[in-house]
Amino acid sequence: MFEISPYTFRMFSDCPQQYFFYNQKDLKNKYRKSRPYFVAGSIVHSTLKNFFSCYQPGERDQETLLGLFKTEWARNLLNFQKSGGDEQLYFQRMRDQLLLFAEKQDLRAEPALTEDYYEAFLDEETLLKGKIDRADKINGKTIVIDYKTNKTIPENQDPLQLYAYAYILNEDAKLKLKLEGEFKVSQASYLYLSASDLYTFEVDEEILEKTRQMFLEKVKEIKKTENEYSRTGTEARVGKHCHFCDFVEICPRKAEAAGFAKSTSEAEISE
Ligand code: SF4
């Protein structure tokens, strides 16, 4: 079974070389690095998951949310310190995002599901996987929500990740059993916690079918490149994404990539 996710779709599109490094377990284990913005972002995600899944609507307030955040922060402190990030800066930034969340968002919402891994078939031999933050059912409509902890909001919003999640939720067989019914997603939103801003996209059958085709096309491209890669090597595409790449030191374009990795400002990083 071939597996793809919005994350690996984007990685392959940015740089096939990084994708192939990433898919070799020994290289991944050896070179994978902890990064402060990812560790801090994942603490915020766990805090929000616990907030909605462990507390009844009437029990949820700002104090509870911050208490959970401090517990999660302490639990992940060692991991954060390994990432080399500025502890005070990130703690403050993530805390501020949650304070804004408590002020602007509906704390009494009752999500139909909270953060977990979900998957659905694209065809008989291809599985689409994703870690989905949340889905709400409001007035009969299902809305997917993806939390973003970026410091700044990107100018252009790419809905592909949201469409992929909508597809998965509509098709995930185990989820259908668990929820005793179908999930028909009609909207999907990025929620940027730094400003509490929502970017919402409508979803329908046609969009989801196009999404399915796009992922299948990408899988074809990956498989084709994979065959050629084993004989001739593949393309290392240098760019801003090198900032996130764990494999700079073994990259065939190491010198150029290192320059890009350093010159990318934090504001450009999409978490
Ligand atoms: S450093 Fe940049 S060019 Fe090299 S493999 Fe990583 S993403 Fe690709």
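A nonpolar core is taken here as a set of buried Ala, Val, Leu, Ile, Met, Phe, Trp, Tyr and Cys residues joined through C-beta atoms within 7 Å, where a residue is buried if 20 or more other C-beta atoms lie within 10 Å of its own, exposed if 12 or fewer, and partly exposed in between, with C-beta atoms placed from the backbone. The model is predicted, with local features needing pLDDT of at least 70 and side-chain atom pairs counting only at pLDDT 80 or more, while totals for chains, interfaces and linings use all residues. Residues are numbered from 1 along each chain as its sequence is written.

**View 1. The largest nonpolar core and helix α8.** Among the 61 residues of the largest nonpolar core, those touching the most other members are L128, V144, Y165, A166, I168, L169 and A188. Helix α8 supplies the largest share of this core, eight residues; helices are DSSP runs (H or I, at least four residues; strands are E, at least two) numbered from the N terminus. The buried residues of α8 are L162, Y163, A164, Y165, A166, Y167, I168 and L169. The twelve residues of α8 (residues 160–171) should span 16 Å at 1.5 Å a residue, and this agrees with the 16 Å between its end C-alpha atoms; the expected span is 1.5 Å times one less than the number of residues.

**View 2. Contacts of Y165.** When neighbours within four places in sequence are left aside, Y165 is in contact with G130, I132, V144, D146 and A188, a contact being two residues whose C-beta atoms, placed from the backbone, lie within 7 Å.

View 3. Y90, M94, Q97, L98 and F101 are buried in α7. Seen down the helix axis, these buried residues fall within an arc of 90°, so they line one face of α7; the arc is that of the directions from the helix axis to the C-beta atoms. The face turned away from this buried side carries the exposed residues Q88, L89, Q92, D96 and E103, whereas the cover over the buried residues includes α4 (36–54) and α5 (62–75).

**View 4. The surroundings of V219.** V219 has its place in helix α10 (residues 205–232) and counts as buried because it has 21 C-beta neighbours inside 10 Å. Although V219 and F2 are 217 residues apart along the chain, their C-alpha atoms are separated by 8.2 Å. Not counting residues up to four places away in sequence, V219 touches F2, I4 and T126.
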